[in-house]
Amino acid sequence: MRLVEPFLELMTGMMTTLKMLVTEKPVTVQYPEEKKAVKPRYRGRHYLTRYENGLEKCIGCALCAAACPADAIFVEASENTDEKRFSPGDRYASTYEINMLRCIYCGFCEDACPTEAIVLGDNYELSFTDRRQAVYTKEMLILPVPQGGAPTPQVTEPGKFTRSVPEMKDPVD
Amino acid sequence: MAKLINLTINGVAVTVPDGTLVVDAAKKAGIDIPVFCYHPKMEPVGMCRQCLVEIGRPAIDRATGQPALNDDGTPKLQFMPKLETACTNPVSEGMVVLTATEKAKAGQKELLELLLTSHPLDCPICDKGGECPLQNLTVEYGSSQSRFIFDEKQRADKHVHLGELINLDRERCIQCARCIRFQRDVAGDPVLGFYQRGRLTDIVTYSDPGFDSVFSGNTTDICPVGALTTADFRFGARSWELKQSASLCAQCPVGCNVTFNTRREAKSGGVMAIKRVMPRQNEQVNETWICDKGRFAGYHYTEAESRLGLDAASMESALSQAADKLAAAKSDAVFLAGGRLSNEDFYNLKQLAAKLGAKAYLYSPMAGGEYTTAYGLGAGSNLGDLGKDDTVLVVASDLYNEAPVWHLRLKAAAKRGATLIVAAGRATKLDEFASFVVRYAYGDEVETVKGLAGKEKIGDAIKNAANLVVFYGSDGLGLAGTSALAAACADLLNGKTGKVNNGLVGVWNAPNTQGAYELGLAPAADLKSELKGKTVYVIAADPAGDDPALADALKSAKAVIAQDILATATTQMAAVVLPAAAYTEREGTYTTAERRVQRFYLAVPAKAGTRADFAIFAELGKKLGVELEGRSALLVMNKIAAEEKAFAGISYARLAEVTAQWPIVGRGDLYYGGTGYENKLGLGVHLALALTPAPSTSGRGGQMRPKENELVAVPVSKIYDLGVTMAPAKLLGQRIGAAAVGLNPVTAAKLNVENGGKVQVQVNGVTAEAIARFDESISTGVVLIYRSFGIPISEPTSVKIVVAEKA
């Protein structure tokens with residue numbers, strides 16, 4: 001008796017394992033061959049967005065830099081002209097840098113942005129071999145020009161862009 | 001002393017002088033009443049209505065004429081049925097002011113809602129954002145929501161250029177008229193005004209070129225919104241990103257206290273760069289104002305492309321070469337230093353020259369410093385204290401062009417009741433505010449001053465003045481003339497020397513000319529002959545660029561060593577060039593013409609391969625066996641204080657002392673005093689009067705007068721010129737303009753010269769082209785030639801004017 005009982009218990013356990021082996025699919029994700037989708041509000045690497053016509057949404061106000069608790073963002077602004085227009089407002093970011101090593105991906109910059117220019121995306125695959133590589137410049141952050149849009153700087157007709165800050169609708173999300 | 005009035009504000013008992021406004025009384029008690037249109041330096045107008053408060057005054061029983069009492073014996077208070085403006089109501093005895101009641105708060109809140117009905121949501125990009133009274137007061141007193149409909153906001157021009165220096169955004173303007181009132185009442189340049197009415201009200205400029213005033217930048221400081229912004233700082237940085245560093249303006253001898261706002265930026269190669277110049281309060285020097293020369297030209301020359309710099313090895317070899325040349329020359333060396341050097345630099349230079357047995361001269365177009373050191377303003381003087389019974393005499397100086405902030409302060413003194421006497425060879429802007437205007441023919445300066453005391457009213461004003469301040473300048477005069485004029489002016493001050501608010505002030509052309517004189521330097525009477533065959537060591541001066549004759553003299557010198565921050569004609573012909581650090585890159589002190597020693601601090605790191613002037617002298621001293629202090633400016637000042645009698649007792653710690661100033665300005669009170677900075681790092685210290693016996697004031701005179709059919713050119717100054725420290729200010733290019741000569745129309749008619757026409761000027765062996773400008777106020781036979789415009793002129797001299805052939 002003393003030998004049979006533990007054996008039965010062992011068998012019960014093994015049965016469970018066998019059952020799982022047959023019925024359940026594996027949970028392990030084969031990263032990097034396979035990638036798991038992130039949640040809709042996941043906060044990954046930032047990007048700077050454009051309007052449909054190709055103009056940059058960023059107006060160089062540096063509120064993201066002011067909101068940043070890690071002091072990871074550096075913005076320097078310059079003035080737009082109709083001959084050389086980057087954004088629909090009075091000014092644009094002539095320098096825009098984020099130090100991804102400093103960034104804590106809190107998303108405050110996104111919250112502070114008055115024109116919804118900076119958005120945190122879903123890219124979490126950041127690796128650097130050098131500290132300097134961690135500083136993402138505007139060219140690395142900005143999205144490509146959408147189809148039908150023109151690259152910046154654009155030549156625009158005088159009187160079309162007169163607002164200092166483009167007028168925004170109430171945010172939807 | 002005015003009668004004192006007792007009142008209560010929010011339950012706090014306050015005692016203030018009679019005539020004080022409720023808003024000021026509250027501020028003194030530390031209670032904030034929001035204001036937009038009111039500014040403590042200007043008369044109240046009550047235009048914005050933001051300062052609404054409840055004011056109760058003791059009721060008077062009509063039957064008895066006595067204060068009515070409540071049942072419990074306390075005085076009965078009478079409140080107006082509606083809210084009152086705190087800025088237009090002076091205090092009265094027993095007054096009770098309530099600023100934070102529900103009624104008052106509701107009034108303030110609704111006012112802000114009205115002001116914001118059409119205010120654009122530009123804060124993210126507005127240059128005022130972060131230091132904006134409207135922004136701050138909205139957060140504190142306003143509502144987070146508006147009952148007005150966004151789509152019904154009024155639209156107006158957003159990019160209006162009031163001249164090339166100041167931009168106006170009409171949508172942001174709240175029509176407080178601070179700028180208009182500043183220009184009219186404080187600056188005396190009424191070039192702004194309102195146009196249209198109601199919702200269409202616009203700020204417009206009447207002048208051509210637009211906003212033609214040298215004080216225009218101040219309107220951007222006191223503008224309570226982002227309507228007026230400077231073109232210089234446009235989108236330069238956000239206000240919270242800027243660091244502050246206390247400094248001085250080095251463009252004229254007034255010594256305005258300024259704050260440099262600095263930021264590390266990519267445009268400047270990742271180093272700290274100065275982004276803008278802001279006034280720093282010093283009620284005894286510049287109050288809260290600075291002129292446009294200081295604001296827009298101020299530091300730009302320190303960032304010019306022509307800055308000199310050497311790597312460490314070249315610097316070392318340059319120093320060795322310079323030391324070798326000086327060692328070889330010994331007493332045959334001549335030191336020539338410009339007024340841009342600090343007191344510490346002058347002291348070390350003087351010591352080095354003395355040990356070598358060499359002569360050290362000040363390079364200045366104006367003399368008379370031996371009189372300003374002996375007859376200068378007494379310790380504790382303040383132009384802001386001059387008023388009734390006091391007399392100010394301005395001779396041969398166009399202060400509006402030469403020292404604008406003095407123009408503003410003397411105008412204010414005249415308004416307070418001081419007798420202002422302006423004696424000049426031509427009409428100046430100060431004439432308008434003067435009690436007496438004396439017009440003389442150029443050449444008669446000394447005789448005119450000598451004759452003033454004999455005149456009936458003017459003589460009385462000078463003789464009976466409680467306090468007498470005399471400003472003398474170099475309008476139309478060279479070294480000999482200014483020296484004689486200084487003597488004549490000093491003569492008027494005999495018996496008043498050393499007293500507070502009495503003294504002689506020289507309107508120099510450099511920030512520290514007075515300091516050079518205090519330390520015993522003076523210009524050479526005949527510089528050209530002094531340089532011949534000598535080893536000339538030129539520091540912070542460009543004689544070769546100023547005058548071809550001096551360039552020739554330098555060529556005849558044995559060797560030229562040049563030390564400067566910028567490449568100039570002199571550094572180009574020098575055998576050894578020593579690159580110096582600009583004053584923004586080091587510490588030091590300047591002595592203003594009012595004899596106040598003030599301290600400037602490091603704002604940005606020194607440009608690579610440069611060193612402070614005093615350190616270069618110390619380094620040379622080391623090689624020449626002269627022990628000089630070169631470790632820090634502070635230690636040099638300690639030595640100056642120990643050895644120079646006038647500087648006794650001065651130390652860097654004392655220079656950094658601050659006492660409370662009124663009105664309160666500063667970062668916590670932007671809405672009240674503007675965005676100028678409070679003074680946290682020193683108001684400066686007055687020098688003691690020179691203890692050497694005052695030089696004789698008699699027996700000087702004899703000027704060059706135009707003979708029949710002969711023209712005499714006289715040197716005069718214009719605020720914006722092409723001098724070394726001005727030319728790199730690109731923004732001012734249009735205002736600097738081209739070389740011009742001033743002529744009386746009668747003189748011009750004889751020469752067939754038209755107003756605005758091109759002429760050839762032949763003077764001092766040079767032929768140059770210039771534009772003729774008519775000036776009816778000058779005497780015939782005189783030609784005004786502006787200094788630092790490429791036409792060499794240092795002394796009155798004969799000139800030939802020919803109409804230039806039309807191309």
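Lys57(A) lies over the face of Tyr51(A), 5.4 Å from the ring centre. A charge is counted as sitting over a ring if NZ of Lys or CZ of Arg is within 6 Å of the ring centre and within 35 degrees of the ring normal. In chain B, Lys28(B) lies over the face of Trp662(B), at 4.7 Å from the ring centre.

Please note that this is a predicted model, in which local features need pLDDT of at least 70 and side-chain atom pairs count only at pLDDT 80 or more, while totals for chains, interfaces and linings use all residues. Residues are numbered from 1 along each chain as its sequence is written, chains are lettered from A and ligands numbered from 1 in the order in which they are written, and side-chain values use heavy atoms, with hydrogens and water left out.

I turn now to strand S13 of chain B, residues 257–265. Strands (E, at least two residues) are DSSP runs, as are helices (H or I, at least four), numbered from the N terminus. Eight of the nine residues of S13(B) are buried, that is, under 20% relative accessible area, where over 50% is exposed and in between is partly exposed (1.4 Å probe, protein chains only). S13(B) pairs with strand S12 (residues 243–248) of chain B in the antiparallel sense over six bridges; two strands pair if DSSP finds at least two bridges between them. Eight bridges join S13(B) to the antiparallel strand S14 (residues 271–279), and there Phe260(B) has Val277(B) as its bridge partner. The hairpin of S13(B) and S14(B) has five residues between the strands, and Gly269(B) in the turn has a positive phi of about 80°.

What kind of aromatic pair do Phe260(B) and Tyr299(B) form? The pair is edge-to-face, with 6.0 Å centre to centre and 75° between the planes. Rings of Phe, Tyr and Trp (its six-membered ring) pair if their centres lie within 6.5 Å; planes under 30 degrees apart count as stacked, over 60 as edge-to-face and the rest as tilted. Phe260(B) counts as buried because its relative accessibility is 1%.

Finally, the two chains. The contact, meaning heavy atoms within 4.5 Å, takes 23 residues from chain B and 21 residues from chain A. Four salt bridges are counted between chain B and chain A, each a side-chain nitrogen of Lys or Arg within 4 Å of a carboxyl oxygen of Asp or Glu. Glu167(A) and Arg155(B) meet through their side chains in a salt bridge of 2.7 Å, N to O.
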